[in-house]
Amino acid sequence: MGDVQYTLNKNNHIVAVNQSFINFARDNDWNFDSQVLINSPLSQYIDGEETKLLTELLISRVRASGLGVSLPFRCDSADKRRYLTMTITPVTNGLLSFNNCLTKQEPRGRIDFLKDHRLDAGHPDMICMCSWCNQFKMSSKLWVEVEEAIDRLYLFSNRYKGHRISHGLCPECKDVMLKSAGGE
């Protein structure tokens, strides 16, 4: 996988993507039209209001400071754990370049439940997943890896039929994001 790159204009709309972006999207069964993607707002492709807000803070910080920022994050496929680094760099005229570089990849058994199970926060049948590291919230203080959540929450049992996954940030990722965004 080559570096996945895209560019935002001053209104935070996607104005360019590279071929690796398109390949990455296809490999992850993302259903999108690349013609529709161009000039659409980045926020439309981010799950979870908290993650959207912190992403907007990061973007604002990079534009205001003129300095780039790099953050680790995780973006799994059905059969792989993928660890990446996102670098946001100011270009010119309010453009921002995003470069997502794969730093580590680990195979795992196929997990298809992450696909098409998203819903806005506030729904009573919600399971919370960190948007950046993919851990699941077990309690206010405990977040666990996907595989452990499957076992502990019985995610494939009848008990969780109809439940949806919301996206937020675990405390560790929230701290990293806030520090990178200049919020702390």
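The dialogue below takes up the sheet, then the helices, then a glycine in a loop.

Tutor: A caution comes before the reading: this is a predicted model, in which local features need pLDDT of at least 70 and side-chain atom pairs count only at pLDDT 80 or more, while totals for chains, interfaces and linings use all residues. Residues are numbered from 1 along each chain as its sequence is written, and side-chain values use heavy atoms, with hydrogens and water left out.

Student: In what order do the five strands of the open sheet lie?

Tutor: Strands of a sheet pair through backbone hydrogen bonds, either parallel or antiparallel. Helices (H or I, at least four residues) and strands (E, at least two) are DSSP runs numbered from the N terminus, and two strands pair if DSSP finds at least two bridges between them. Here the order is β2-β1-β5-β4-β3, with antiparallel pairing. The edge strands, each pairing on one side only, are β2 (14–17) and β3 (69–74). Between β3 and the antiparallel strand β4 (residues 80–90) there are six bridges, and Arg74 stands opposite Tyr83 in β4.

Student: Which strands does helix α1 touch?

Tutor: Contact means heavy atoms within 4.5 Å, and by that criterion α1 (residues 19–27) packs on the sheet against β1 (4–8), β2 and β4. Axes are lines fitted to C-alpha atoms, for helices over the stretch in contact, with angles from 0 to 180 degrees between N-to-C directions; the direction of α1 makes about 115 degrees with that of β1.

Student: Which residues of α3 are buried, and which are exposed on the other side?

Tutor: Buried means under 20% relative accessible area, exposed over 50%, and partly exposed in between (1.4 Å probe, protein chains only). In α3 the buried residues are Thr51, Leu54, Thr55, Leu58, Ile59 and Val62. Seen down the helix axis, they fall within an arc of 145 degrees, taken from the directions from the axis to the C-beta atoms, and so line one face of α3. On the other side of α3, Glu49, Leu53 and Ala64 are exposed. Just after this helix, Gly66 takes a positive phi of about 75 degrees.

Student: Where is Gly109 found, and what does Gly109 touch?

Tutor: Gly109 is in the loop between β5 (96–107) and β6, and it counts as exposed because its relative accessibility is 52%. Leaving aside residues up to four places away in sequence, Gly109 touches Ala78 and Asp79. The C-alpha atoms of Gly109 and Lys80 are separated by 7.8 Å, although these residues are 29 residues apart along the chain.
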